[in-house]
Amino acid sequence: MTVTALKALSDNYIWLYQKDNDLVVVDPGEAQPVLDYLAHHEGVHLSAILLTHNHADHTGGVREIVAEYPDTAVYGPEECRTYATNIVHEGETIDLLDSSWEIMSVPGHTNGHIAYLVDDKVFCGDALFMAGCGRVFTGDYQAQFETVNKFGQLADNTKVYAAHEYSDTNLRFAKEMDPSNSAVKEILKKVQQQRENNEVTLPSTIEIEKEINPFIRANDFDEFVQLRNKRDGFN
């Protein structure tokens, strides 16, 4: 089994989960990177597309991919009904590539945002990033606070496959909020070197996030909201 990042748009990642010659695609914001991958990997079968939420930079490639591969099942939350052939909900599981994928409800960024937990991996869209979390477009900060804490309860070895390359900015913000945090300084240095080499900085792990992510580390809801508002103004 392998997990591969395809770069899309300005800073998105499309995640490919592959076992032997079977492939699952997560959040294809663009079609061409996926179509190119399939064209250059003869014999690979596109088994399914998984959607975490309904923003265009996560769904924009679905129709073009399905036009080329019309038998592909598309899974997603209710808010992705326009694209999804299979609507999934919190607590359900889907069987793909001989693995059981658990559906997690992780609202806040959007009302219906979900994540997919498989083996020791979570594909979390924009609900959680390295050292960060998604903007609260719903205005429901309580939901986002609960979502971040929900991620924090996963096993420490869970690998976090977020959908954007925000690690550098998030870590610089984390350093400003907690300048004595040695883990933040160390990982920021590593991330900046990776970005200089145009490398993918993900996945993170839940264990790492507990050390560096100011939102998981927030002591209470009020601190979480203050941090989220400060992060929205940070560049």
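**Briefing: an annotated domain and its binding-site residues**

According to UniProt, in an unreviewed entry, residues 11-164 carry the annotation "domain: Metallo-beta-lactamase". The model described here is a predicted one.

**The annotated binding site**

- The unreviewed UniProt entry places the feature "binding site" at four positions, namely Asp57, His58, Asp126 and His164.
- These residues are spread over 108 residues of sequence, yet they cluster in space, with a largest C-alpha distance of 10.5 Å.
- Two of these residues, Asp126 and His164, are included in the lining of the largest pocket.

**His58**

- His58 belongs to helix H2, which covers residues 56-59.
- Because its relative accessibility is 0%, and buried means under 20% relative accessible area, His58 counts as buried.
- When neighbours within four places in sequence are left aside, the residues in contact with His58 include Asn12, Asp27, Pro28, Gly29, Leu51, Thr52 and His53, and they also include Gly125, Asp126, Ala163 and His164.
- With one of these residues, Asp27, the contact is also polar, since the side chains of His58 and Asp27 make a polar contact of 2.9 Å.

**Asp126**

- Asp126 is found in the loop that runs between strand E10 (121-125) and helix H4 (141-152).
- The relative accessible area of Asp126 is 4%, so this residue is buried under the same cut-off of 20%.
- Apart from neighbours within four places in sequence, Asp126 is in contact with His53, His58, His109, His113, Cys133, Gly134, Ala163 and His164, a list that includes the annotated residues His58 and His164.
- The side chains of Asp126 and His109 are joined by a polar contact of 3.2 Å.

**A six-stranded sheet**

- Six strands form an open sheet of mixed pairing, in which the order is E1-E2-E3-E4-E5-E6.
- The edges of this sheet are strand E1 (2-8) and strand E6 (86-87), each of which pairs on one side only.
- In general, the strands of a sheet pair through backbone hydrogen bonds, in either a parallel or an antiparallel sense.
- Strand E4 (residues 45-50) and strand E5 (residues 73-76) pair in the parallel sense, over three bridges.
- Ile49 stands opposite Val74, a residue of E5.

Note on methods
Residues are numbered from 1 along each chain as its sequence is written. This is a predicted model: local features need pLDDT of at least 70, side-chain atom pairs count only at pLDDT 80 or more; totals for chains, interfaces and linings use all residues. Side-chain values use heavy atoms; hydrogens and water are left out. UniProt positions are given in the numbering used here, feature names are shortened, and annotations may be inferred rather than shown by experiment. On a 1 Å grid over the protein atoms alone, a cavity is a set of points where a 1.4 Å probe fits but cannot get out, and a pocket is an open set with protein on both sides within 12 Å along at least five of seven lines; lining residues have an atom within 4 Å of a point. Helices (H or I, at least four residues) and strands (E, at least two) are DSSP runs, numbered from the N terminus. Buried means under 20% relative accessible area, exposed over 50%, partly exposed in between (1.4 Å probe, protein chains only). Contact means heavy atoms within 4.5 Å. A polar contact is a pair of N or O atoms within 3.5 Å; within protein, one must be able to donate a hydrogen and the other to accept it, and residues adjacent in sequence count only if both atoms are side-chain atoms. Two strands pair if DSSP finds at least two bridges between them.
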